[in-house]
Amino acid sequence: MHRAILVLSLLAPLSVFAQAEELENPGTVSAVQERAYRMQHELNLSIGILLLDAFYKGLYAQVGYAFHFNDSFAWQVGRGAYVYSARTGLREQLERDFNVLPTSFDEVQFFVGSDLMWKPLYGKLSVLNRWVVHGEVYVLLGATIFKFTDSFRPGINVGGGGRIFVNKYASFRLDITENLVLPTGGGAKSFANVMTITLGLGINFGGTE
Amino acid sequence: MRWALLLGLAASLTATAQGKTADPVTGDAATKAPAAAPPDGGMAAAAASSTAGAGASAAPVAAPAPAAKKVDPKLFDQALNDFFSNRPKDAAPKLFEYTENLPSTDENYAWAQFFLAKSLIDLKLRHAAAVYLARIARERTNPAVLPKALEELQRLTDLPHDEVMIDEQVFGALDLGFLPEEVAGYAHYQQGLVDLRVGNERWATTHFSKLPETSPEASRAKYAMLVTRLKAAKKDLPKEMIEQFFELGKDPKLTLEARNDALMAVARLRYEAQDFTAALEAYSLVQLPSLAPGRASLYLEEAWTRYQLGQIHAAMGILTTLDAPSFREEFLPDKYLLKALIYRDLCHYLPAKRAAKELTRRYAESLDAIREREDLTKDARLLRAAAARGSTKRGRKYLESLEFEGEQLGRYAGSFGDRMFGYMTRLYDLSRAEAVRVYDDRLHEAVRVEADKLLRAAEQVRVMEYEVGLKLYERIKKGSKLVTLIEEEPLGPHQIAFKFTDEYWNDELRTYRFSLKSRCIEETAR
């Protein structure tokens, strides 16, 4: 009982401080601005890399289209990428020293997909205290069909990305997604992971035009 | 006038005669090629002509120097060579020696003055350069140099400069018949301004009417004319004057600052006419460069306008802007008064009282200085406020530039030589003394104006404190209800809100919105 009284008596001055602050500076202030950049029809041209596979690194070029319903939600209606594979030293060593057949390495050749975008964060950054750049951060959830060396396999992808606006027409975006490829087709028996890192240029039509 | 005409004719005749023999600009009669071809064609001709004709007329005449010495005519060529080889530090003393030891009738005398001025501009000694350029304009020894000298002078007027020497004594007194169009336009504008200053609107109109309608000077002249008429008008401003200011506010020939001044004038006139909505519209048309903090007066006036329109939350938001570091040194006694009024209107009496007291607390020293009848120019706040506006500001900037250039001069003590350095030091000392005198004159008047402003605000604050004191202890009648809350405007679908946490971003300064619920009961509501 005594302890409770002691705690309460110690806490009481805190509430007084809060009241004093409210009395001295009542009210709150916000900067209310028109959103400087808004997207509607987005055509994006990107390049990317598939990093996870130890036997090859995939470099790809991607084209996509996204429709932005509002400032928070968008649907990346479609995207398609063609992959160029660069073999790693490990694979060459296996083929050369251990006579592993080239057909036993499953490589992504191209992929197409679609995603939903949720864009909860929009903000601005001060660059060297001289410029202000606007940007947003978003979450991606979608599905992708991968064409491997000898089969088509579907995957579910989750990821995120960020965008820096250059002007009302152009923006740069960086997406990182993790694709969980389902074990269907081509004799696959286990899930596979394909991580994509994509750097692109978004060209916007509509919105703040 | 007749003498001026005769002198003008004589000058033009001399020009014709000299043009036939060796015109340093066109190089018509220049027979010898310059030793080193300078990059500028016209200037190259000057070098060529000097080689051709300097030898014959290099007789020394009485100069300010104690004993004028004979100057080698090649000195001018060497100086030009230095100048065109981007060595103004070497060119300047040679040109100085040339001008000091040769008579003003020497063919290259004016050119030497001109290149000396150009060298001094390159050395950032702009005032000394202006003195030489003004001398060319006054002496008019070579009509070919004159337009070039005037163009340089006009360029120098974009920076803090000696207004009496350049604007009044050169451009304000020029014979305008022989000048190229651009310089003549500027001279007409300056002469019109001089006439306006002495209250001769008719003569000013004559000068202004000669300005091409598409020139920036024509727009600036309209603005000057309107401001003069505005000052002269006692009551009942003609409505068309507001429209004329409004037109100037959209005139692309004017600088952004001048357009903003015109729009501010529109807003103030509309405010005076109690057309607050239209005033607010004019304030909103004031454009600021990207990420520029803007002017404190703009924000404060907009806040008053919004207050008059009943937009007290928006007005308070703008007052938040005025607390930004960019405006912390501004002299804005009204700000505290308006803040107190807004809190009072929302029935937050203690904050209202505190805001009102903030004025007397913040400006206590200045108010004491006024009451004690001390020298107000010694009060830091009043001094800063007075020196931040109008002609006092220009005077201060000119004085600062003289002091800066005077310091710069010390760097050339070795390369200029004793005679030139001594001459330049005297020139800067005299100019500085005159600039201090002019600045002090303007400052005394400006400080008095600011002190009046402070006293008026302090008086209003006392009334406010009294009113708030009464409200604080007012009894609430039985059955009184809180007034319906003023609905704050909700966020639009394309708007975004950044909660303010004492960090000012320049791009947000015009967008702050204040939120505070009214505590008024029905009978005390505004």
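In which sense, left-handed or right-handed, does H13(B) pass H14(B) in their crossing? In this predicted model, H13(B) passes H14(B) in a left-handed crossing.

**Chain B as a whole**

Chain B contains 22 helices and two strands, and of its 526 residues 42% count as buried. Among the contacts in chain B that link residues at least 6 apart in sequence, 61% join residues at least 24 apart.

H13(B) covers residues 256-272 and H14(B) covers residues 276-285, and their axes come within 8 Å and cross at roughly 165°. Because angles over 145 degrees count as roughly antiparallel, H13(B) is roughly antiparallel to H14(B). On the H13(B) side the contact is formed by B:Leu263, B:Val266, B:Ala267, B:Arg270 and B:Tyr271, which meet B:Phe276, B:Ala278, B:Ala279, B:Ala282, B:Tyr283 and B:Leu285 in H14(B). By class, this contact of H13(B) with H14(B) has ten nonpolar, no polar and one charged residues.

H14(B) also packs against H15(B), which spans residues 296-308, with axes that come within 9 Å and cross at roughly 150°; H14(B) is therefore roughly antiparallel to H15(B), and the crossing of these helices is left-handed. Here B:Phe276, B:Ala279, B:Leu280 and B:Tyr283 of H14(B) meet B:Leu298, B:Glu301, B:Glu302, B:Thr305, B:Arg306 and B:Gln308 of H15(B). The contact of H14(B) with H15(B) comprises five nonpolar, two polar and three charged residues.

The two pairs are set side by side below.

| Helix pair | Axes come within | Crossing angle |
|---|---|---|
| H13(B) and H14(B) | 8 Å | roughly 165° |
| H14(B) and H15(B) | 9 Å | roughly 150° |

**Helix H17**

H17(B), residues 333-345, has 13 residues and reaches 19 Å from its first C-alpha to its last, which is close to the 18 Å expected at 1.5 Å a residue. H17(B) is mostly covered, with 13 of its 13 residues buried, and it is followed by B:Cys347, whose phi is positive, near 60°.

**The side of chain B that touches chain A**

Between the chains, 23 residues of chain B are in contact with 15 residues of chain A. On the chain B side, helix H16 (312-321), helix H18 (349-362), strand S1 (495-499) and strand S2 (512-515) each supply at least two residues, and the largest share, five residues, comes from S1(B). The residues with which chain B touches chain A divide into eleven nonpolar, seven polar and five charged.

Methods
Residues are numbered from 1 along each chain as its sequence is written. Chains are lettered from A and ligands numbered from 1 in the order in which they are written. This is a predicted model: local features need pLDDT of at least 70, side-chain atom pairs count only at pLDDT 80 or more; totals for chains, interfaces and linings use all residues. Axes are lines fitted to C-alpha atoms, for helices over the stretch in contact, and angles run from 0 to 180 degrees between N-to-C directions. Helices (H or I, at least four residues) and strands (E, at least two) are DSSP runs, numbered from the N terminus. Angles under 35 degrees count as roughly parallel, over 145 as roughly antiparallel, 65 to 115 as roughly perpendicular and the rest as oblique. A crossing is left-handed if the near helix is turned anticlockwise from the far one by less than a right angle, and right-handed if clockwise. Two residues are in contact if their C-beta atoms, placed from the backbone, lie within 7 Å. Ala, Val, Leu, Ile, Met, Phe, Trp, Tyr, Cys and Pro count as nonpolar, Asp, Glu, Lys and Arg as charged, and the others, Gly among them, as polar. The expected span of a helix is 1.5 Å times one less than its number of residues. A residue is buried if 20 or more other C-beta atoms lie within 10 Å of its own, exposed if 12 or fewer, and partly exposed in between; C-beta atoms are placed from the backbone.
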